[in-house]
Amino acid sequence: MPAAPDFPPAPDAVRPVRALISLSDKSGLVEVAQALNDLGVELVSTGGTRASIEKAGLPVRDVADLTGFPEMMDGRVKTLHPVVHGGLLGVRNAPAHAEAMDQHSIGPIDIAWIDLYPFESTVESGAGFEACIENIDIGGPAMIRSAAKNHGHVAVCVDRDAMDQVIAALTADGATSLNLRKQLAARAFARTAAYDAAVSGWFAAQVEDAAPLRKSIAGTLAQTLRYGENPHQTGAFYRTADRRPGVANARQLQGKELGYNNIADADAACELVAEFAEPACVIVKHANPCGVAVGADLSSAYQRALACDAVSAFGGVVAVNRPLTESDARLITDIFTEVVIAPGADDAAMAVFAAKKNLRLLLTDGLPDPMQAGSVFRSVAGGFLVQSRDLARITPADLTIVTKRQPSDAEVRDMLFAFTVAKHVKSNAIVYAKDGQTAGIGAGQMNRRDSARIAAIRAREAGEAQGLPSLAEGSACASEAFFPFADGLLEAVAAGATSVIQPGGSIRDAEVIAAADDKGIAMAFTGARVFRH
Ligand SMILES: NC(=O)c1ncn([C@@H]2O[C@H](COP(=O)(O)O)[C@@H](O)[C@H]2O)c1NC=O
């Protein structure tokens with residue numbers, strides 16, 4: 001391990017003499033090169049970057065002039081040379097470093113503006129293995145790390161915003177401050193770490209390693225949050241390289257800043273509503289749906305979703321899977337709603353929402369593909385859990401009817417609808433549904449029978465509001481995991497369910513099937529469990 005050398009303190013102000021610019025994305029390059037040139041900073045660049053600066057009529061040296069080596073091996077070797085890295089790493093005020101720089105004719109490089117080969121977007125474009133490999137930048141991260149390590153003397157920029165901060169400092173003070181250089185270094189190391197996370201994640205997938213020895217998750221700040229789940233917790237929202245439509249890539253058109261819980265709830269709502277092909281609406285409260293329905297159009301889906309539990313829907317998150325129209329917006333704004341998330345909205349709908357200043361409207365320009373493979377993460381004390389996304393999707397062909405009575409076609413439709421909703425309800429989950437509308441949802445209880453009872457209470461109260469004994473009369477009951485005993489199923493039957501869908505697989509399945517037969521209901525096993533904790 002290298003010992004900490006006894007360097008003199010880094011200067012607060014560094015007046016830069018030379019900048020090295022090496023960019024794959026040349027946007028903004030000429031503007032910055034012009035500004036640096038005006039500030040009297042000498043420019044050095046790699047081939048393509050140099051050509052762009054030269055084309056703009058600005059003076060620039062080719063890095064090959066410094067190294068005495070041409071760019072070679074298809075650009076794999078351009079800047080990997082002691083003259084470049086010595087110029088970035090040399091501690092100017094350390095006598096031994098200054099002597100080495102002098103002895104080997106190494107000139108200091110005081111500013112480095114470097115982006116990296118576009119590895120992430122190359123992967124995203126679906127490029128083949130070799131193209132992805134060639135887009136792994138080696139020289140760029142090496143320079144960024146050298147410059148960031150030597151932040152005592154060098155200002156390292158990994159994006160245009162950082163470069164603008166340096167130009168602003170030079171324009172104001174003629175120098176970069178140590179504080180600024182430290183901040184830039186922290187940002188630079190975060191960039192190379194995120195880049196390596198993308199490369200290592202991609203490579204693990206290439207060799208089909210679902211549990212690599214080391215795992216990095218990278219994100220880019222989407223939004224600082226006023227606080228976390230509670231006001232005494234800090235919070236921030238990060239976007240990953242995955243461009244899936246959804247809450248992280250949504251445009252917020254209006255309303256107060258989104259909070260931590262709003263984002264979590266909007267995600268839960270958006271992921272569930274995307275499961276349905278028909279016009280659908282999901283109302284979420286505290287990460288669980290409190291009403292879900294499909295309909296001929298969004299207005300009808302919304303009204304039916306609301307009818308399931310209008311009390312819980314107050315202050316909830318509403319997600320839909322079609323662009324919103326004016327009439328949809330009028331219905332939704334009838335009660336207090338925190339967030340509306342939709343793939344789009346027409347001008348008339350937006351005008352209606354605009355009158356509700358506090359309502360946050362998020363447009364996703366698409367829906368998350370429920371069948372898209374990916375990973376989900378969860379932190380635990382001292383670690384984190386990783387699992388693949390739950391891609392379970394049950395079709396009629398997956399069902400095994402285990403009772404004497406066969407379900408009707410309508411019952412099968414309701415079973416599948418209820419089971420889809422149950423997949424998005426915290427365990428233990430019981431969902432009663434009829435005609436593409438949830439009738440009652442029981443979520444997050446420590447035993448299944450309680451979930452069945454709570455769902456029954458919701459269905460009864462919603463029914464009473466419509467002059468019916470219960471919305472669960474003639475409903476399908478979905479249980480996201482098997483019934484360990486017959487008691488939960490009997491609660492469902494008592495609530496009015498005439499069909500049940502559940503994974504099966506309990507050692508007491510025979511007992512549960514016998515209870516179903518005894519009550520004359522139809523029951524289907526899915527063979528797949530959809531826990532959500
Ligand atoms: N190999 C090297 O020595 C090297 N040095 C810089 N680069 C990258 O080359 C790109 C710029 O190339 P150009 O200026 O030739 O268009 C930058 O994204 C930079 O990160 C390199 N490329 C890849 O590793």
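Buried residues account for 42% of the 533 residues in the protein chain; buried here means that 20 or more other C-beta atoms, placed from the backbone, lie within 10 Å of a residue's own. Bear in mind that this is a predicted model, where local features need pLDDT of at least 70, side-chain atom pairs count only at pLDDT 80 or more, and totals for chains, interfaces and linings use all residues. Residues are numbered from 1 along each chain as its sequence is written.

Now look for the largest nonpolar core, which has 95 residues. A nonpolar core is a set of buried Ala, Val, Leu, Ile, Met, Phe, Trp, Tyr and Cys residues joined through C-beta atoms within 7 Å. C281, I341, A418 and V431 have the most contacts inside this core. Domain 2 (245–363) and domain 3 (392–525) both contribute residues, so the core lies between them; the domain bounds come from an automatic or database domain assignment. Leaving aside residues up to four places away in sequence, A418 touches V431, Y432, A433, A476, C477, A478 and I501, a contact being C-beta atoms, placed from the backbone, within 7 Å. Apart from this core lies another, of 41 residues, including V32 and W113.

And the ligand? It is surrounded by 21 residues, the closest being T46, G48, T49, G139 and G140, where a residue counts if its C-beta atom, placed from the backbone, lies within 6 Å. α2 (47–55) and α8 (139–149) each supply at least two residues of that shell, and α2 gives the most, with 3. These helices are DSSP runs (H or I, at least four residues), numbered from the N terminus.

Definitions and conventions:
A residue is buried if 20 or more other C-beta atoms lie within 10 Å of its own, exposed if 12 or fewer, and partly exposed in between; C-beta atoms are placed from the backbone. Two residues are in contact if their C-beta atoms, placed from the backbone, lie within 7 Å.
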